[in-house]
Amino acid sequence: MSQAVEKITEYHDLDGAEMLRVSDLHAFYGESHILHGVDFDVKRGELVTLLGRNGAGRSTTLKAIMNMVGRRTGSIVINGNETLAMKAHRIPRLGIGYCPEERGIFASLDVEENLLLPPTVRSGGMSLDEIYAMFPNLYERRRSQGTRLSGGEQQMLAMARILRTGARLLLLDEITEGLAPVIVQALGEVLVKLKSRGMTIVLVEQNFRFAAPLADRHFVMDHGRIVEEISAAELPSRRDELNSMLGV
Amino acid sequence: MTMIFGVPLAVFMGQLMLGLINGAFYALLSLGLAVIFGLLKIVNFAHGAMYMLGAFATLLGMRYLGIGYWVALLLVPIVVGGLGMVIERLILRRIAHLDHLYGLLLTFGLALIVEGTLINVFGVSGSSYPTPAALQGGFQLGFMFLPTYRAWVLVAALAVCLGTWYVIERTRLGAYLRAGTENPALMQAFGVNVPLLVTLTYGFGVALAAFAGVLAAPLYPVSPTMGSSLLIVVFAVVVIGGMGSILGAVLTGLGMGLIEGLTKVYYPEAANTVIFLVMILVLMLRPAGLFGKEA
């Protein structure tokens with residue numbers, strides 16, 4: 001059964017290049033048409049956010065990149081590879097880590113098994129020791145059943161799990177949802193560390209105050225499209241405009 | 001002579017032993033069902049037919065190809081398991097996205113086809129398969145006579161059950177399987193080839209049934225209907241133990257075999273129904289099964 005984990009895809013860093021380019025992406029769940037031509041790009045080492053109201057298509061955009069929705073059309077280029085025709089299990093092997101909104105901690109596995117579960121997709125991932133140094137709570141609870149952790153610890157676990165794999169592009173869906181402010185702050189510090197390690201991050205966030213100081217660029221989504229792009233520099237002058245778009 | 005509740009000790013122990021042997025088969029078969037149900041969510045009604053194919057392949061292998069028992073013990077599970085993989089890949093996968101009831105109906109139909117074909121060719125009467133030379137005879141334990149082959153069946157079945165439990169609960173591959181059972185889509189998003197895992201899992205479950213079939217060949221008459229009659233009891237065992245628990249499947253299998261054996265000693269008329277009585281009781285008191293998780 002070891003074939004279930006296939007060999008690591010050869011992969012070369014292209015400095016300063018585009019890590020991800022999504023063009024005219026449409027996605028469908030059965031008959032329902034969810035994404036209506038999404039266009040955006042993410043450069044290596046950048047942290048971008050996908051902002052928008054509930055149902056704007058932010059989570060679906062991440063899922064579509066991972067080939068977890070029904071049908072997709074358009075183009076998704078990851079590090080120079082067109083992935084639209086790729087099987088779902090091949091996409092992570094381009095060096096992508098996906099952290100789902102519902103966290104996806106496995107109840108039948110303990111914390112350490114959860115951490116070790118995702119196969120290595122690239123060399124250069126964090127070691128178990130480094131991960132435990134970054135998330136000390138997880139070390140203390142490494143023998144606990146995954147779903148017995150607190151919400152914050154589960155979120156830490158869901159993130160830590162994809163850092164081990166060597167992924168260089170992280171797709172993080174609503175990682176601060178429902179968490180206490182002190183945990184949200186800790187997650188912010190983790191993101192800063194990951195960025196300084198050169199990770200490229202796409203953050204789907206509801207909590208704009210969390211995302212604002214971290215991101216290089218913000219993409220605002222509405223009705224399954226990107227409707228606005230705002231760089232970190234433009235943010236102070238366009239704050240009111242953004243607030244009205246997000247309905248806050 | 002020592003008596004236990006008015007029954008001679010040798011008779012009592014003899015029946016208990018028979019019960020334990022039956023229990024070992026229940027355990028092997030319900031284990032395979034549990035593994036398959038876990039990942040595919042299919043109630044594999046073809047399981048009895050695969051068990052029967054295991055026994056038949058052993059018999060025909062000896063008759064036409066001169067393949068002995070020991071080789072069959074290794075080869076038959078691989079061949080029948082391979083057939084299982086083909087079935088999964090070509091047939092079951094096409095209906096994987098439908099209601100799981102379709103899987104149940106499809107495997108039931110497959111079982112009927114396999115059984116009917118063999119009945120057509122070989123008839124329903126059973127053939128006997130010789131006990132391998134190395135396992136003939138038995139041990140006189142003082143309180144009872146233990147045939148070597150029965151002791152071997154018990155040891156082999158338990159070893160395979162334990163090995164399966166170990167792989168699933170303690171290894172990385174087992175972790176993939178458990179995680180794939182819970183959330184296959186996320187496992188794909190981690191880069192695990194879940195469709196391949198599904199094919200291999202179905203093949204493995206079927207191989208377990210075939211292994212039980214090889215063990216059964218020298219013990220029971222080999223006939224095309226040997227699987228379907230056993231499968232009904234095995235489903236009752238699975239209901240009692242609760243779907244999805246590996247250890248639960250094994251323990252319940254052995255336990256139900258013992259209860260059946262005991263009933264044979266004290267009230268033989270009920271021996272064939274006692275498991276179903278237990279099933280009704282369990283369903284009333286603990287609908288998720290003894291080892292199942294409450295939904």
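## Helix H8 of chain B

In this predicted model, H8(B) is mostly covered, with 20 of its 23 residues buried. The helix runs over residues 194-216 of chain B, and the distance from its first C-alpha to its last is 33 Å, close to the 33 Å expected at 1.5 Å a residue.

## The second largest pocket

H8 of chain B also takes part in the lining of the second largest pocket, to which helix H1 (9-40), helix H4 (100-122), helix H7 (184-189) and H8 of that chain each supply at least two residues. The space in this pocket amounts to about 540 Å³, and 24 residues line it, those nearest its centre being B:Leu39, B:Ala96, B:Pro184, B:Val194 and B:Val198.

## Helix H5 of chain A

Because 12 of the 13 residues of H5(A) are buried, this helix is largely enclosed by the rest of the structure; among the buried residues are A:Glu153, A:Arg161 and A:Leu163. Its end C-alpha atoms are 19 Å apart, which agrees with the 18 Å that the 13 residues of H5 (residues 151-163) of chain A should span at 1.5 Å a residue.

## Annotated regions of chain B

An unreviewed UniProt entry places the feature "transmembrane region" at several spans of chain B, including residues 67-92, 149-168 and 189-217. In the model, residues 67-92 of chain B are 85% helix and 0% strand, with end C-alpha atoms 31 Å apart, while residues 149-168 of chain B are 100% helix and 0% strand, with end C-alpha atoms 28 Å apart.

How values were computed:
Residues are numbered from 1 along each chain as its sequence is written. Chains are lettered from A and ligands numbered from 1 in the order in which they are written. This is a predicted model: local features need pLDDT of at least 70, side-chain atom pairs count only at pLDDT 80 or more; totals for chains, interfaces and linings use all residues. Side-chain values use heavy atoms; hydrogens and water are left out. Helices (H or I, at least four residues) and strands (E, at least two) are DSSP runs, numbered from the N terminus. The expected span of a helix is 1.5 Å times one less than its number of residues. Buried means under 20% relative accessible area, exposed over 50%, partly exposed in between (1.4 Å probe, protein chains only). On a 1 Å grid over the protein atoms alone, a cavity is a set of points where a 1.4 Å probe fits but cannot get out, and a pocket is an open set with protein on both sides within 12 Å along at least five of seven lines; lining residues have an atom within 4 Å of a point. Grid points are joined across faces, edges and corners, and a volume is the space filled by probe spheres set on the points. UniProt positions are given in the numbering used here, feature names are shortened, and annotations may be inferred rather than shown by experiment.
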